[in-house]
Amino acid sequence: MTPDYFYVFLAFIIGTCVPTQAGINNQLRNWLGSPFLASVVNFCVGAGFLVVFTLVTRIPMPAMGDLKGCPWWAWCGGIVGVFFVSSAIVVAPKLGAASMLSLVVAGQMVASILLDHFGSLGYQIQPITPLRILGVTMVIGGVLLIR
């Protein structure tokens, strides 16, 4: 498998994790009684796993001085993750996995072509083209068919 195929396969596998995670977290919400408590458990378990993984693999920690140039917004990814996970827990049982994920993908596509077009958040600039707009339009059309 060439590296490109590996990353395509990995991206596909990541995609299978999204509805699986939403379903798991929704079940946890049923037991805990709150989407926010389920999110807390989700992030605590995930953080614990990452700490153990980091220690076992001996990933070196950066020096404090290396973090000086880091922009403030780079620390906010966890907040976006909390919004995503908590919202998915609320939305998944209402819309179902297919509808929720098709809408998530449509939102991702719209945001992605805008981030690419402007080179925001460190993405390499890739201008919006008619074919990219057609692709996003087709994704949105798929959402309408799934809904």
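F6, Y7, F9, L10, F12, I13 and I14 come together as a nonpolar patch on the surface. The model is predicted. Its protein chain has 5 helices and 0 strands. A search of the whole structure turns up 1 salt bridge.

**Overall build**

- Read from the N terminus, the elements of the protein chain run α-α-α-α-α.
- Along the principal axes, the C-alpha atoms of the protein chain fill a box of roughly 45 × 40 × 35 Å.
- The protein chain has 147 residues, and 15% of them are buried.

- I13 sits in helix α1, which covers residues 3-32.
- Is I13 buried, partly exposed or exposed? I13 has 32% relative accessibility, so it counts as partly exposed. The cut-offs behind that call are under 20% for buried and over 50% for exposed.
- The 32% of I13 also clears the patch cut-off, which asks for over 30% relative accessible area.
- N26 is found in helix α1 too.
- N26 has a relative accessible area of 11%, so it is buried.
- N26 and P93 are 67 residues apart along the chain, yet their C-alpha atoms are separated by 7.3 Å.

**Helix packing**

- Two packed helices are described by two values: the angle between their axes and the distance between the axes.
- α1 and α2: the axes come within 8 Å and cross at roughly 120°. The two helices are therefore oblique to each other. Their crossing is right-handed.
- α2 and α3: helix α2 spans residues 35-57 and helix α3 spans residues 77-95. They pack at an angle of about 130°, with their axes 9 Å apart. α2 and α3 are therefore oblique to each other. The crossing of this pair is right-handed.
- α4 and α5: the axes come within 9 Å, and the crossing angle is roughly 165°. That makes α4 roughly antiparallel to α5. The cut-off for that label is an angle over 145 degrees. α4 passes α5 in a left-handed crossing.

**The salt bridge**

- Which residues form the salt bridge? D116 pairs with R132, and the closest N and O atoms are 3.0 Å apart.
- D116 counts as buried because its relative accessible area is 13%.
- R132 counts as partly exposed because its relative accessible area is 26%.

- Most residues other than glycine have a negative phi.
- R58 is not a glycine, but its phi is positive, at about 55°.
- R58 lies in the loop between α2 and α3.
- The relative accessibility of R58 is 71%, so R58 counts as exposed.
- L121 also has a positive phi, near 60°, and is a residue other than glycine.
- Where is L121? L121 lies in the loop between α4 and α5.
- L121 has 56% relative accessibility, so L121 counts as exposed.

Methods
Residues are numbered from 1 along each chain as its sequence is written. This is a predicted model: local features need pLDDT of at least 70, side-chain atom pairs count only at pLDDT 80 or more; totals for chains, interfaces and linings use all residues. Side-chain values use heavy atoms; hydrogens and water are left out. Patches are made of residues with over 30% relative accessible area and no salt bridge: like charges are joined within 9 Å, nonpolar side chains (Val, Leu, Ile, Met, Phe, Trp, Tyr) within 5 Å. Accessible areas come from the Shrake-Rupley method with a 1.4 Å probe; for residues, only the protein chains shown count as cover. A salt bridge is a side-chain nitrogen of Lys or Arg within 4 Å of a carboxyl oxygen of Asp or Glu. Helices (H or I, at least four residues) and strands (E, at least two) are DSSP runs, numbered from the N terminus. Buried means under 20% relative accessible area, exposed over 50%, partly exposed in between (1.4 Å probe, protein chains only). Axes are lines fitted to C-alpha atoms, for helices over the stretch in contact, and angles run from 0 to 180 degrees between N-to-C directions. Angles under 35 degrees count as roughly parallel, over 145 as roughly antiparallel, 65 to 115 as roughly perpendicular and the rest as oblique. A crossing is left-handed if the near helix is turned anticlockwise from the far one by less than a right angle, and right-handed if clockwise.
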